[in-house]
Amino acid sequence: MESSEPEVKKSFVRRDELLRIQEDAQRRWRQERAFEIDAPSASAQPGDKFFGNFPFPYMNGALHLGHAFSFSKLEFASAFYRLKGRHVLLPFGFHCTGMPIKACADKLQREIEQFGNPPVFPVQEQAPTTIPTASSSLNPPSNGDNTVKAEPEKFKSKKSKVQAKTGVEVYQWNIMASLNISPEEIPKFTDPAYWLTYFPAIAVDDLKTFGAGVDWRRSFITTELNPFFDSFVRWQFRALKKQQKVVKDLRYAVYSPRDGQPCADHDRASGEGVQPQEYTLIKLQVKPPFSGKLQALEGKNVYLAAATLRPETMYGQTNLWVLPDGEYGAFEVNDSDVFVVTSRAARNLAFQLLSRVPEKPTRLLELRGHDLIGLPLIAPLSMHQVVYALPMLTILTDKGTGIVTSVPSDSPDDYMSLLDLKNKPALRAKYGVKDEWVLPYDVIPIINIPDIGDKSAEVVCKELKIKSPNDQVLLTEAKKRTYLKGFTDGIMLVGEHKGEKVQDAKPLIKEMLIQSGQAVKYSEPENKVMSRSGEECVVALTDQWYLIYGEDEWKAKAEECLSNMELYNDETRHGFEHTLGWLNQWACSRSFGLGTRIPWDEQFLIESLSDSTIYMAYYTISHLLQAGDIYGHKEAGIKAEQLTDDVWDYVFGDGPFPSTDVPENLLKLMKKEFSYWYPFDIRVSGKDLIQNHLTFCIYNHTAMFPKEKWPRAMRCNGFLMLNSEKMSKSTGNFRTLKQAIEEFSADATRFALADSGDLMDDANFVFETANSAILRLTKEITWMKEVLAAEQSLRKEPPTLFADRVFQNEINFSVHVTEQNYESMMFRDALKTGFYDLQTARDEYRLSCGAIGMNRDLIYRFMEVQTRLLTPICPHYAEHVWSSILNREGFAIRASWPTAPPADLTLQKANKYLQDTITSFRKLLQKQTTTKKGKASVPVDVKPTIALVYVAEKYEGWKEECLKVLQQHFYPQTKSFAHDADIMDALQRTSVAQMGDLKQIKKTCSSFLKFKKEEAVSVGPHALDVTLPFGEMQVLEENAELIQRQLGLEELSAYAYSDAHALRLVGSRISILNQTPPSPGSPVAIFLVCVSCEG
């Protein structure tokens, strides 16, 4: 049955009004080139300029609200400093370096070749996806070793992130179609260069529509397709090589076999920040003769290869663990050696020169854990001549090799599992374990840990009362208690390093095992990494170019730079300090993708995080080289090949004037631009870039520039959620920047972005906030028009009323506190103090004025100030108000920050006192004008119309003495008091002592002292004053009409509580005053009925 209710259509009139205002403002900005700026001089004085920048986005799609959120921080700050009168430079470039664009273009080409143009893809059924068990976490084990065990993951999805969500193969053609690209245009994207012409243009249009105050003359794309930027990056790397900060070496790197090159953070679909984890691979040799499936390997050296991070504990080996149902293989390492490991581990080994066929693991046998149980093994360094492979049910096969050596003296897992096998004959029988493989093998003390002993695993497991190897929570706690302490405080009891500290012996034992051929180095990603090509990455030994981050001298400079930077919060600083602590050599060369060639080794490209470390300097001169063409193809009076290293050294450094055919005036102009704008004042970014890009930026600036040109500040933020949920294309909870602007307008989008949050926690863009902004902004425009149309109703005399003074004071206060919020880059707070709070103050003022009307000068002042304070966040709205409503000349974006005298805090307190008093009187009046009938409250027949208000403007007697003592014993810096005993002792030395003994004093004063102490801790020392900083009587008398109007009274009179004559006016109600007498800040009202009105 169809609903009979008419369909309610959403009105877009208000949104469309903002879109028209937006279009008009942007047209005027374009005509006047409002955001283009050149350096006014060769050097900047403090406070002259503001140069901020933002990590240029990667150009494989449209900008979304996540980009806009981070960028908005810089946009708002730039607009604020423009109002403050600084010369503001806000440039924006586009990153195209790396492999994602090339990989997508190649994939699209393959699809067209295979399925036609347009392609006809096969119909696919959604494949079942599997959910990993809770124990299959990819987080590193607490001891960093592969010996941490959990329930085996029996089903493991091998799909990419997108495939895992959809269950079917995702085609590049369909991805392009989802971006609203026509079938006729999609084939053009098989050329990587076409991406570089398509998406940057869209991004520029979207940012202009957003109202970004960008100097677009300075924009550029990266890669060798831009010859000027290409020359700039080549100069940078030649300079780094001269300083020996770029070296070539054979090192471990996370690597994409499909792409044939290292996979850096920006090349990854998942696993950003994951580094290689190096293990020592212990070779436990199988004693011949071989039996069962291993008979096929007779004549070879067969090793069960166990990965460990604790080679110093190998003296205590009692056995080896395998997963009974685990899948293993026997893989050729060379002509004579075979390793038994998982296929995943063999794949990593093949890229580390540990496979007979490089990069291709050769499996000679398929094996299961059952095939390995009972194998006799020779364990390096073990006290036993032979140990056996035994079953363990909690081994993870997605870490290490799936082969786990057992040291029950120092591993709680190993101790409990060995104890379990010893104590359970049925368990041994189930897996065919013979008694002689287990029972003779006891714990071997190898390390003494102070306060624990030489059998740390056994001791701690007993202390924690661990009953089973499946008690993972307790075992994790046991490892926390033993592993770190064993490393830092443990002393070796055996071996050639007996008596030495474990932390000193560990590297020596590791090296000895490797040199003797009993172990090899092995590395794998710390956690799973997926490349953008859709393949799981390995760790490979790669012969390539590295930046030597982490080198002592360079690291010291980076730490010095960081120590002098403004980072806005401690969490950001801790993130940088942590990164500087672990960051080591970084592979900076690639053989696949787009970018700039390494100038001395052009078979390699410079990877995407390494060509984007000092490009902020290039912004300062790019407009002089590229003439506003982001590709650098427009003739600008200079050619890229003229930009020699000598030219770059002169422009960006202390190099002499170069011998060149570049015009002298152009060179000097370039140097002037750089010298004025550098260093940059702030770089704004998401917090995820701290671990790579932002730290690289610090490192490279310290290498390329003198200290006075090092970065001054970086501001990091969290990720953006939409309506409290993660942004996701697959769920539809996603908006591109263009979509948001079309849905809400630019200003409402900016408003909601400002309101989303400013800390390192994830922020939240709320659609309701954006819709509310549409309503608020358009209603404010309407209100201003209506007020000015009825200007004759406004008071013309000077603003002298209490309400006038309060409103004027709130405006002044808002100017100062909003300025502080913008300077601190706390834009949600700036929105609150510069808009929401001002709106509240205006509404309160309008109510306070009542029939006498608002003051004309104050209303104009309010409109002008509010417009300026909101300009950084809602510039289009501000331009409309500035020019069309207030009829001001010029642009709002350049109107200057409003000036205001310091706010009168005493007046603020007086107004708060007034508002609180009205609220308390209203509650009291309601109580007095209702009566209880059962559980319900009903109005009385006759309501009071007269209020007698009694005021005590000063604490007197014992309360005054209490306050004086508290003042003497309050510590403002810590907002704390001396001990209660000291306070009571001081009270006894005052007139309060006349009350009697200490017990009586406490009985009388304790509750008052407690109340005042809590108040002082909350609001500060002024809570201990014996009087308020303003006259209560004066405030009440001056606002008697307002109080009467708000409470519906006909008469209000204020009296001093000390006035005996006035007290007689309340008659029998004097008991109310006696029960709750007034005190400073808390007047008491007695409501009376007009006697002449009762009849």
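User: Hi! Where is P679 found?
Analyst: P679 sits in the loop between α19 (664–677) and β23 (682–686). Helices (H or I, at least four residues) and strands (E, at least two) are DSSP runs, numbered from the N terminus. This is a predicted model, where local features need pLDDT of at least 70 and side-chain atom pairs count only at pLDDT 80 or more, while totals for chains, interfaces and linings use all residues. Residues are numbered from 1 along each chain as its sequence is written, and side-chain values use heavy atoms, with hydrogens and water left out.

User: Thanks. What kind of peptide bond joins Y678 and P679, cis or trans?
Analyst: A cis one, with omega about 5°. The bond from P288 to P289 is also cis, and its omega is near 0°. P289 lies in the loop between β6 (276–286) and β7 (301–308).

User: What about phi of R33?
Analyst: Phi of R33 is near 50°, which is a positive value in a residue other than glycine. R33 belongs to the loop between α1 (13–32) and β1 (49–53).

User: Is R33 buried or exposed?
Analyst: R33 is exposed, with a relative accessible area of 56%. For the cut-offs, buried means under 20% relative accessible area, exposed over 50%, and partly exposed in between (1.4 Å probe, protein chains only).

User: And what is phi for N887?
Analyst: Phi of N887 is positive too, near 55°, and N887 is not glycine either. N887 is in the loop between α27 (875–885) and α28, and counts as exposed at 58% relative accessibility.

User: Zooming out, how many helices and strands are there in the chain?
Analyst: There are 36 helices and 34 strands. The C-alpha atoms fill a box of roughly 120 × 85 × 80 Å along the principal axes. Of the 1095 residues in the chain, 55% are buried. Among contacts (heavy atoms within 4.5 Å) with a separation of 6 or more, 76% come from residues 24 or more positions apart.

User: Helix packing next. At what angle do α15 and α16 cross?
Analyst: Roughly 175°, with the axes of α15 (residues 552–563) and α16 (residues 570–582) coming within 11 Å. Axes are lines fitted to C-alpha atoms, for helices over the stretch in contact, and angles run from 0 to 180 degrees between N-to-C directions. The two helices are therefore roughly antiparallel to each other. Angles under 35 degrees count as roughly parallel, over 145 as roughly antiparallel, 65 to 115 as roughly perpendicular and the rest as oblique.

User: Which residues meet there?
Analyst: From α15 there are K555, A558, E559, L562 and S563, and from α16 there are R573, F576, E577, L580 and G581. By class, that contact has four nonpolar, two polar and four charged residues. Here Ala, Val, Leu, Ile, Met, Phe, Trp, Tyr, Cys and Pro count as nonpolar, Asp, Glu, Lys and Arg as charged, and the others, Gly among them, as polar.

User: What is the angle between α12 and α13?
Analyst: Helix α12 (residues 456–463) packs on α13 (residues 472–489) at about 130°, with the axes 10 Å apart. That makes α12 oblique to α13. S456, V460, C461 and E463 of α12 make the contact with L475, A478, R481 and T482 of α13, a set of four nonpolar, two polar and two charged residues.

User: Which strands does β8 pair with?
Analyst: β8 runs antiparallel to β14 (residues 404–406), joined by three bridges, and L320 has T405 as its bridge partner there. β8 also pairs with β13 (residues 387–391), in the parallel sense and over three bridges, with V322 opposite P391. Two strands pair if DSSP finds at least two bridges between them.

User: Last one: what order do the strands have in the open sheet with β30?
Analyst: The order is β33-β30-β34, with mixed pairing. The edge strands are β33 (1051–1056) and β34 (1084–1088), each pairing on one side only. The twist averages 20° from one strand to the next. β30 (residues 946–951) and β33 are parallel over six bridges, and I946 stands opposite E1051. Helix α28 (residues 905–928) packs on this sheet, touching β30 and β34, and its direction makes about 35° with that of β34.
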